[in-house]
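Biologist: I would like to learn how to read a structure like this one. Could you take me through some features, one at a time?

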Amino acid sequence: MAMSCDHPDLLPLEEALRRLWEALPAPTLPDLRAERDDPAMDRASMDGVALRASDGRAPRRILGTLFAGSDPAAFTVTPGLVTTVEIPPAAQLSLGDSGAVEHRGIKVTADDEVTVYGLNRIQATTDAYLGLPVDVLGTEHIVLGWPDLMGQLRSEFAVLATEDGTDVTYVPKAKTTSGTEIGVATTTTLNAGEALPVASLNGDLSGSVVTSTKPVAVFGGHECAFVPDDNTWACDHLVEQIPSTSTWGKEFLTVPLKTRSGGDTFRMIASEDATTVSVNGAAVATLDRGQVHQMSIDGKSTVSADKPILVAQYSN
């Protein structure tokens, strides 16, 4: 799963990639070597973050807090190479059935620019995301995930605070496992490093609006989804950090994923009502705020819209 937006602030420059907050949504998240007790996925898991320095200068000294409350641990990242940092099982978020705040954020800081990836893996199912630096985080997000699978594997998102006293309000597009009904606004106060996981009881949380009084990191995805549809009897975990709506764009260039045949699945979500989405110049959908259009595209394409959208590409 890959996200696209066209905001120039997402370029890896200066302070942009020196400070990041990460979270690990269920079922697993970045390169962790541990056993995970999950009735739906009773297999070994690996979570971790991979860090890469941005140029050919001297090795970088990385300071990372593995989870809130732990002692900071220092790492050295050599330019051109990837350093993998294992994440302890205690950093794994739950599905959020209780609706409670979880003190499990992961903070990574560096004295120079780095790129940070989160890898979430259990046997036979893996996904990864690009960590967004704190200076491009925002206060409004619209979740893009995937529909629940037979009422057993959940659509999900998580919100992570970067500052104390952050009021987070979400309006779900599906009933949640914590009991929040569709369309009912729920507000929770988070401090820095605290996360709020949310999962669907059934349905798709895509289109859920998350607003906050201070910048937050939002992650969207699925425990283990059938892509492109329920006739695909092999599920994979989906996770991506969701850019804030202020960074969404109107034009995207796509290329097919290598080794795939028959095209890739795309989901486009609108931030405003009456948004016309086109592929290679032909209109394919008119979307209101939070609505999703899903389609297969075989070959390279240009996806455009008359108002800002977010585009996700999935490997079939």
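Modeller: Start with a charged pair. The side chains of aspartate 204 and arginine 267 meet in a salt bridge, 3.2 Å from N to O. A salt bridge here is a side-chain nitrogen of Lys or Arg within 4 Å of a carboxyl oxygen of Asp or Glu. The pair links distant parts of the chain, 63 residues apart. Aspartate 204 sits in the loop between β15 (195-199) and β16 (209-226), and arginine 267 in strand β19 (residues 264-270). Helices (H or I, at least four residues) and strands (E, at least two) are DSSP runs, numbered from the N terminus.

Biologist: What kind of model is this, and how are residues numbered?

Modeller: This is a predicted model, with residues numbered from 1 along each chain as its sequence is written. Local features need pLDDT of at least 70, side-chain atom pairs count only at pLDDT 80 or more, totals for chains, interfaces and linings use all residues, and side-chain values use heavy atoms, with hydrogens and water left out.

Biologist: Is arginine 267 buried or exposed?

Modeller: Buried means under 20% relative accessible area, exposed over 50%, partly exposed in between (1.4 Å probe, protein chains only). Arginine 267 has a relative accessible area of 5%, so arginine 267 is buried. Aspartate 204 is buried too, at 17%.

Biologist: How many salt bridges does the rule give?

Modeller: The count comes to 4 salt bridges. One of them joins glutamate 102 to arginine 104, with the closest N and O atoms 3.5 Å apart. Glutamate 102 is at 10% relative accessibility and therefore counts as buried. Arginine 104, at 29%, is partly exposed. Another salt bridge pairs glutamate 181 with lysine 175, at 3.4 Å. Glutamate 181 is partly exposed at 40%, and lysine 175 is partly exposed at 28%.

Biologist: What does the side chain of glutamine 313 contact?

Modeller: Look for polar contacts. Such a contact is a pair of N or O atoms within 3.5 Å; within protein, one must be able to donate a hydrogen and the other to accept it, and residues adjacent in sequence count only if both atoms are side-chain atoms. The side chain of glutamine 313 makes a polar contact with the side chain of aspartate 264, at 3.0 Å. A polar atom of the glutamine 313 side chain also lies 3.0 Å from the backbone oxygen of valine 255. Glutamine 313 is in strand β23 (residues 301-314) and is buried at 14%.

Biologist: Which cysteines form a disulfide?

Modeller: A disulfide is a pair of cysteine sulfur atoms within 2.5 Å. Cysteine 224 and cysteine 235 form one, with sulfur atoms 2.0 Å apart. Cysteine 224 is in strand β16 and cysteine 235 in strand β17, 11 residues apart. The torsion about their S-S bond is about 85°, so the disulfide is right-handed. Both cysteines are buried.

Biologist: Which strands does β20 pair with?

Modeller: Two strands pair if DSSP finds at least two bridges between them. β20 (residues 275-279) pairs with strand β21 (residues 282-287) in the antiparallel sense over 5 bridges. Threonine 276 stands opposite threonine 286 in β21. In the hairpin of β20 and β21, with 2 residues between the strands, asparagine 280 takes a positive phi near 55°. β20 also runs antiparallel to β23, joined by 3 bridges. There, valine 277 stands opposite alanine 305.
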